[in-house]
Amino acid sequence: MQFHHHGYVSGDPKIEPAAGVGIDRTKELPDKIDVLVIGAGPAGMITAAQLAQFPNVEARLIDSRPERLAVANADGIQARSVETFQAFGFANAVMDEAYRITEMAVWRPDDDQPDNIVRASVPEDDPSGISEFPHLILNQVRVQDHLVDFMANSPARMQPNYGIEFISMEDSREGEYPLNVRVRYTAGEREGEERILKVKYVVGCDGAHSRVRKAIGRKMEGKQAAHAWGVMDVLAVTDFPDIRTKSIIQSKSGGNILHIPREGGHLFRMYVDLGEVPTDDESQEVRKTTFEQTLAKANEIMHPYSLDVRHVARYTVYEIGHRLTDKFDDVEDTTSHTPKVMIAGDACHTHSAKAGQGMNVSLQDGFNLGWKLGHVTSGLAPASILNTYSEERKEVARNLIDFDQKWSRLMGTRGEDFEDPKELEEFYVKTWEFPAGFMTQYQPSMITGSTTYQGMASGFPIGKRFHSAPVVRVADATPVELGHLASADGRWRIYAFADENHKALQEWAHWMEQSEHSPLKLYTPEGVDANTVFDVKAIYPQTHDQIEVMDAPAVFKPLVGPFELVNLENIFSVDAKASDIFEKRGIDRTAGAVVVVRPDQYVAHVLPLAEPELLASFFEQCMYPQK
């Protein structure tokens, strides 16, 4: 993090200077709003947090609850989400507080005493080291607290407006703010009062029973899986040896348990198998299952071990449901229309809780959409990029539901019914990359390129998330993770990996500085720092002691702040002590490569240094000239 470029400050450097709408922001909703986000869950929070980085965009987040959510259902945080939190500046805080999953114990019936369970194996959670970040368990509300802090410290100084619910919406198809959104105050002195807001874009993050989804005529398709589970968060005394290890427990005929240790060292969650629910009448009955009945079932499954529960933090009974909407926005014909209303999170996809995907996929929905809305409403990009949101995220949700249906089926299969007792365990090991969040790969579009030059950087697959690797910052010889330097500030990242003798890099850098077709020249607004829209970095194939930072081209040393100070922190070398990023990520050392990364951390393109005009062609389809 760089600071002091506007002058010396002694306060918290994470609190950015207020700008734009943040200079004179009040708690009251204005009559006209650029982006209205409805629902302060994970999807809504991260969408609003990203929009708070665009100071000239009037964005607001409303929620019908009168105040901050105190307890939430979700608690699994996949490594991909922790990478995202790094961009928002609170990954370390989450890791310090959370429970860390490193392996999973699998318990099966004892061959000699089938009524007893025994530990069968303990596979690693991330066997290939696909991320430098861990798989965590932490309640959703703590994640939301961090996002609230981020938006409050951002230039737009946003904060949630609690106690306001969405009622209805009409598209007038007139003017700059065509959506007439009716809201009602649900708490405080104005409780019961209704208002009409004029809005450009609406984002519905209002849950599985979303009013926004219904307002645009989208329907959830799918069904219940007719299998019930009791979920209990408890403090207990037990002789079960893996009480602080994530575990799958399969009994001979008494059902299964998914056991999840929670943060804090004592709390844990158990999903206890309550069996098949074949009819609607029986579905209503199973929901009446008491905590005592579920606890008795858990003790039966865990025999010869037992639980003595001392405190119940939360208990519920649910049935697995898999549902998906036909589209995540209000547009049928994308050739002639662009979205005005979008939905995210549970408003457009629901599934079981046991794969730990709900909060994580919802967060990525919001991260995907937030920067696009920021670019469109601030005039950086055409509204057509909003069409990519539904195209990209619906495919992710469909794959998630396919995975979750298989996982839920296996989790609900009794031990005696498996043809191979290792089937569930082997499925978990073979598919670990999916629940970790790294199977997402966006298809070619106006913001994701083709694979023509993928071979020049094979370790950065186009459409997949940018996989960080160690480098050394040349200016101060500091080892850093390259991906950790990309904050959630709405900027595109352009990583120029130098060729062996630097000739192609020098010519590429000259083109970036001087050509009238350069993205830096075309798409950076006047009167702002040169790195406001694009963060351009150089990575050399030599070690840091072989590179002279002052010899690097000027494009990698932008002038920043009112004093026009030189930013020397965009020039990197390989880290010989850790791993060579060129070898680790398959970068062509002879020719070098340009890796373009979207603001939501996904690789948009791999291009040759020798053909900079290809970079110009890519951005001309998704950016508006500013000069």
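Author: Happy to! Helix 1 and helix 8 are roughly parallel to each other; angles under 35 degrees count as roughly parallel, over 145 as roughly antiparallel, 65 to 115 as roughly perpendicular and the rest as oblique. This is a predicted model, in which local features need pLDDT of at least 70 and side-chain atom pairs pLDDT 80 or more, while totals for chains, interfaces and linings use all residues. Residues are numbered from 1 along each chain as its sequence is written, and side-chain values use heavy atoms, with hydrogens and water left out.

Helix 1 covers residues 42–51, and its axis comes within 7 Å of that of helix 8, crossing at roughly 30°. Axes here are lines fitted to C-alpha atoms, for helices over the stretch in contact, with angles from 0 to 180 degrees between N-to-C directions. Helices are DSSP runs of H or I with at least four residues, strands are runs of E with at least two, and both are numbered from the N terminus.

On the helix 1 side, the contact residues include Ile46, Thr47 and Gln50, and among their partners in helix 8 are Leu363, Gly366, Phe367 and Gly370; contact means heavy atoms within 4.5 Å. By class, this contact has nine nonpolar, six polar and no charged residues. Nonpolar covers Ala, Val, Leu, Ile, Met, Phe, Trp, Tyr, Cys and Pro, charged covers Asp, Glu, Lys and Arg, and the others, Gly among them, are polar.

How enclosed is helix 1? Of its 10 residues, 10 are buried, so the helix is largely enclosed by the rest of the structure. Buried means under 20% relative accessible area, exposed over 50% and partly exposed in between, with a 1.4 Å probe and protein chains only. The cover over helix 1 includes strand 1 (32–38), strand 2 (59–63), helix 2, helix 4 (140–153), strand 8 (161–162) and helix 8.

Helix 2 (residues 79–87) also packs on helix 8 (residues 358–377), at an angle of about 40° with the axes 9 Å apart. That makes helix 2 oblique to helix 8. Their crossing is left-handed. Arg80, Ser81, Thr84 and Phe85 in helix 2 meet Asn360, Leu363, Gln364 and Phe367 in helix 8. This contact has three nonpolar, four polar and one charged residues.

How values were computed: Left-handed = near helix turned anticlockwise from the far one by under 90°.
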